[in-house]
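Open the model in your viewer and keep the selection tool at hand. Each stop says what to select, then what is there.

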Amino acid sequence: MLDKSLTQISKALRDGSLSSAELTRMALDKAADNAHLNAFISLNEEQALADAAKADAAIADGNNDPLCGIVTAHKDIFCTKDILTSCGSKILSNFISPYDATVVAKTAARNMVSIGKTNMDEFAMGSTTESSFYGPTLNPWNTEHVPGGSSGGAAVAVSAGIVPVSTGTDTGGSVRQPAALCGLSGIKPTYGRVSRWGMVAFASSFDQAGVFGRSAEDTAIMLEAICGFDPKDSTSIEDQNIDFRSELNQDIKGLRIGLPKQYFNQDLDSGIGEIVHQAADDLKKLGAELVEIDLPNSDLGIPCYYVLAPAEASSNLSRFDGVRYGVRAENYDDLESLYVNTRTEGFGEEVKRRIMVGTYALSSGYYDAYYIKAQKLRRLIVNDFHTAFEQCDLILGPTTPHTAPKLGAVNHDPVSMYLEDIYTVTLNLAGLPGMSIPAGIAKNGLPVGMQLIGNYMQESRILNVAHQFQQATDWHTLKPASHTAKNGGAT
Amino acid sequence: MALSPEQIHKIAHLAKLSIDEGSIAEISSQLDNIMTLIDHMEQADTEGVEPLSHPQDPVLRLREDKVTDTDRRDDFMRLTSHSEDGLYLVPRVIE
């Protein structure tokens with residue numbers, strides 16, 4: 001049942017052939033069977049079963065919401081009342097939030113059942129989920145490989161068939177990249193669509209929540225649940241249309257799809273290039289028109305992002321000082337050493353590295369050369385997209401330059417890890433919506449994702465094209481062997 | 001431009017982190033690699049371009065001036081074991 005689509009599970013809950021309590025039990029058992037994948041930081045069995053009972057009562061009362069009683073899992077970056085919210089860090093390994101994030105409250109209000117909190121790179125800083133204080137998450141397609149990151153646990157929870165949909169966050173690609181590497185559909189909406197309230201801050205002008213699912217349709221249903229204006233987030237968009245399903249079946253005839261020439265150069269694995277071109281041709285067969293477009297500054301997205309995001313992070317993470325919450329160092333002599341020892345012991349290497357880079361970029365004498373220069377470049381990158389959207393309705397390209405790397409292959413070389421974000425970070429710089437959907441399988445047996453980029457607030461169009469592609473192809477239906485194997489044996 | 005050990009210590013001081021002398025060479029080489037990547041920004045001609053700090057170029061929203069939050073002081077104080085009489089405890093700052 002857990003490998004069915006959200007709509008199918010929902011139908012079973014409604015026709016009485018399945019209860020939410022049974023579904024929740026199955027998900028918890030499947031999570032236990034797949035414990036070796038380390039997708040979860042914590043499981044909330046007691047609360048999940050209580051919530052499932054409530055959902056069953058609501059269904060018995062005639063609740064027709066397709067999400068009522070559906071199991072899900074939240075990334076451990078979202079604050080959950082009375083449940084650990086560690087953000088993958090030692091410094092928050094004792095943090096029990098006194099409130100729910102808006103995203104968590106919104107899914108709970110829809111009677112969804114959260115079975116646990118998923119593993120992630122510490123403070124969402126990473127592309128492999130190896131920097132978690134709780135150890136790495138493994139890719140169910142091949143457990144010698146990483147699932148991508150930073151929302152690696154959220155992706156694996158869906159890819160391994162534990163839950164049909166999950167939440168993640170995407171600051172530089174952290175939903176789209178693990179979706180690509182785990183063979184899933186994953187969408188990051190327009191910046192400001194989802195409230196950031198209760199989501200631990202990494203880089204505030206980039207951070208945006210998103211969702212994982214096994215199809216465009218499932219992600220559309222889940223995305224509707226978490227979007228919406230929230231007065232508690234000053235950057236929340238007030239006036240938004242949150243209907244992502246009514247256009248799913250629209251014909252894509254005549255739609256102009258732009259292929260940026262910079263996305264298909266020597267940085268891209270040639271096998272991935274072929275797969276993504278094939279997918280573009282499939283869309284052409286459905287009536288779309290393919291046009292080559294130019295995003296001249298896209299190569300500079302990485303240096304621009306790796307100044308601005310660490311700069312914002314160095315400021316945001318200054319709150320972790322051991323005084324009001326979080327783990328405090330045991331040994332200190334004065335206030336200064338309380339701060340320094342707490343932070344030095346509490347943060348992992350990658351987080352410290354980014355705080356150092358951000359602090360340097362913001363420091364006196366370097367601010368103009370790095371921070372201001374990057375902000376100017378950010379505008380040029382945004383302008384590139386404005387120009388491109390005059391020539392096309394949607395942009396298509398690869399999500400990642402390579403398939404999932406092996407464990408330990410890139411995390412010791414920060415620069416090579418950062419370069420893997422080449423196709424994803426520019427969207428965050430611009431605040432645009434983007435989605436990764438499965439486009440094929442590489443020669444090494446690992447999934448390949450293609451990215452669909454829309455103009456602001458054009459999630460419906462992205463989901464429409466993704467859904468039409470998935471009606472014509474079956475890449476999204478492929479599952480890792482662990483999806484069905486009792487003990488999650490990898491291929 | 002390579003960062004000197006003094007510069008690294010200065011950045012660490014600003015960031016309230018301490019750097020172990022034994023690992024300074026490795027940290028220095030990693031930061032140098034990152035800064036070399038970042039220096040590619042110089043390729044872009046940004047003369048006359050207005051800096052962009054936020055994708056929305058947002059205007060801060062105003063709301064009616066009334067209290068909407070409830071008093072949850074005790075809930076928040078419970079997050080640390082270092083408090084007394086509703087105050088956070090830190091080492092003595094003023095003698």
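Select strands E2 (residues 71–75) and E3 of chain A: the two run parallel and are joined by four bridges. Bear in mind that this is a predicted model.

Show two residue pairs next. Pick His74(A), whose bridge partner in E3(A) is Lys117(A). Then pick Thr72(A); opposite this residue, in E3(A), stands Ser114(A).

Select strand E1 (residues 40–43) of chain A. E1(A) pairs with E3(A) in the antiparallel sense, over three bridges. For a landmark, take Leu43(A), which faces Gly116(A) of E3(A).

Show the three strands together. They form an open sheet in chain A, in the order E1-E3-E2, and the pairing is mixed. Which strands are at the edge? They are E1 and E2 of chain A, each pairing on one side only. Look along the sheet: from one strand to the next, the twist averages 35°.

Is strand E3 (residues 113–118) of chain A enclosed or open? Six of its six residues are buried, so the strand is largely enclosed by the rest of the structure. Check the side chains too. In a regular strand they alternate between the two faces of the sheet.

Last stop: the contact between the chains. Select 51 residues from chain A and 40 residues from chain B to cover it. Hide chain A and look at the side of chain B that touches it. The elements that give two or more residues to this side are helix H1 (5–14), helix H2 (24–38) and helix H3 (73–77) of chain B. Which of them gives the most? It is H2(B), with six residues. Finish by colouring this side of chain B by class: 23 residues are nonpolar, eleven are polar and six are charged.

Definitions and conventions:
Residues numbered from 1 in each chain as written. Chains lettered and ligands numbered in written order. Predicted model: local features only at pLDDT ≥ 70, side-chain atom pairs only at ≥ 80, totals over all residues. Buried ≥ 20, exposed ≤ 12 C-beta atoms within 10 Å, placed from the backbone. Pairing = 2+ DSSP bridges. Contact = placed C-beta atoms within 7 Å. Nonpolar A, V, L, I, M, F, W, Y, C, P; charged D, E, K, R; others polar. Axes fitted to C-alpha atoms, helices over the stretch in contact; angles between N-to-C directions.
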